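Here's a quick walk through one protein model. Have the viewer open, and we'll go from a single residue out to its surroundings.

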Amino acid sequence: MSSAQEMLAISPGVLRTAVDSGLVTAEQAQGLRELEQARAQVREAEPHDDEKFRFISGFSDIFVTIGLGLFLGALGYFSGNAVGNAGMFAVIAVASWLLAEYFTRRQRMALPSIVLLLVYAGAVFFTVAEAFNPSLGFGLGLGNHGGLPIVIAGLVTAVATALHYRRFRVPVTIAAGVASLVASAVGVLFMIVPDFAEQAAKPLLLACGLAVFTLAMRFDLSDPQRQTRRTDIAFWLHMLAAPLIVHPLISGLVGDGGSDVVSAWSILAIFVGLALVALVVDRRAILVSGLSYAGFAFGALVVKAGLSDSVVPLTMLVLGALVLLLSAGWHALRRAILSLLPGALAHRLPAHT
């Protein structure tokens, strides 16, 4: 049931009109009022979660998803033997669309809809990339063709996902389309400056991550109560933006000597900064993306302290405790941080309790 449906209530005016017209008796109207009051009390008693997200609507979603994986996997195997890699991906893309006509458009199943969209977008991308360079197996060779297959594949996938969203309205579609545009941007980089592309890739990914984060915030700020489809779109955009931001920021420190104490403390400082951003915008995706790097940094500090035999359990203990503390005190911490922000800005951010 959607958030909009849960908020539907019979207004007092409608009840009075219904009583006056004889549709219901006064006793029945009073019973409806009491029922609505009871429902309101139950809703208020429910645990508050600012990131409500419908991933599955029932075990049938999991059951259908298993079937989709088996069917599409077998379809890919037989079509690949018959028509090659490009044809295999094209067949999977078409099959994913047709399956979405039933499981997404008619049944409105959450998890199968997400899986079908991701399979569709990936299949379209690899169909185009393989058509440009069938000798590469999966069409991801940037050096031999200057990134052109990736550029074209990304642009075609963006158009294909736009058509998919127009037809099925699956929230993750926007993030999939944006991801394909990011891939095109990386391909353009390899076309323009192939000799320096690897060095420039991290700044480019960081810029793309910040752009995606900005787009996600536009959706978030347009729905601060998180009651419409826009908040689901923002959720997936944040999931995409997080690794694009975190990886370029932290991977350089790891690659330049992650065992060094200075690098480890720098990684932890970046993680704390990301945690503050996550609290302000009330999105946990950035923290999830940074946990692995935070664990690496803390492990380096543990080794430096001479406790190398206990590095894994100690790291797991500290990270687990951090996640649990943040989960338990998330709303209190967020209220404290928002109280320090200008009122106009805090009012535009997602609602808090």
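Does Leu349 count as buried or exposed? Keep in mind as you look that this is a predicted model. Leu349 has a relative accessibility of 6%, so it counts as buried, the cut-off for that being under 20%. To find Leu349, go to the segment that comes after α13 (343-348).

Now look at what sits around that side chain. Leaving aside residues up to four places away in sequence, Leu349 touches Met217, Leu221, Pro224, Val280, Arg334, Leu338 and Leu341. Take Pro224 from that list: 125 residues separate it from Leu349 in sequence, yet the two are 6.1 Å apart in space, C-alpha to C-alpha.

Next, the nonpolar core. The largest one has 67 residues, and those touching the most other members are Phe103, Leu116, Val212, Phe213, Leu237 and Leu287. Pick Leu237 and check its contacts: with residues up to four places away in sequence not counted, Leu237 touches Ile174, Ala175, Val178, Val212, Leu215, Ala216 and Phe219.

Finally, turn to a pair of helices. Helix α5 (residues 110-132) packs against helix α6 (residues 148-168) at an angle of about 145°, and their axes are 8 Å apart. The crossing of α5 past α6 is right-handed. On the α5 side, the contact includes Leu117, Tyr120, Val124 and Phe125, while α6 brings in residues including Ile152, Ala153, Gly154 and His164. Sorted by class, this contact of α5 with α6 has 15 nonpolar residues, four polar ones and no charged ones.

Note on methods:
Residues numbered from 1 in each chain as written. Predicted model: local features only at pLDDT ≥ 70, side-chain atom pairs only at ≥ 80, totals over all residues. Heavy atoms only, no water. Core = buried A, V, L, I, M, F, W, Y, C linked by side-chain atoms within 4.5 Å. Buried < 20%, exposed > 50% of the residue type's maximum accessible area, 1.4 Å probe, protein only. Contact = heavy atoms within 4.5 Å. Axes fitted to C-alpha atoms, helices over the stretch in contact; angles between N-to-C directions. Helix = DSSP H or I, 4+ residues; strand = E, 2+ residues; numbered from the N terminus. Left-handed = near helix turned anticlockwise from the far one by under 90°. Nonpolar A, V, L, I, M, F, W, Y, C, P; charged D, E, K, R; others polar.
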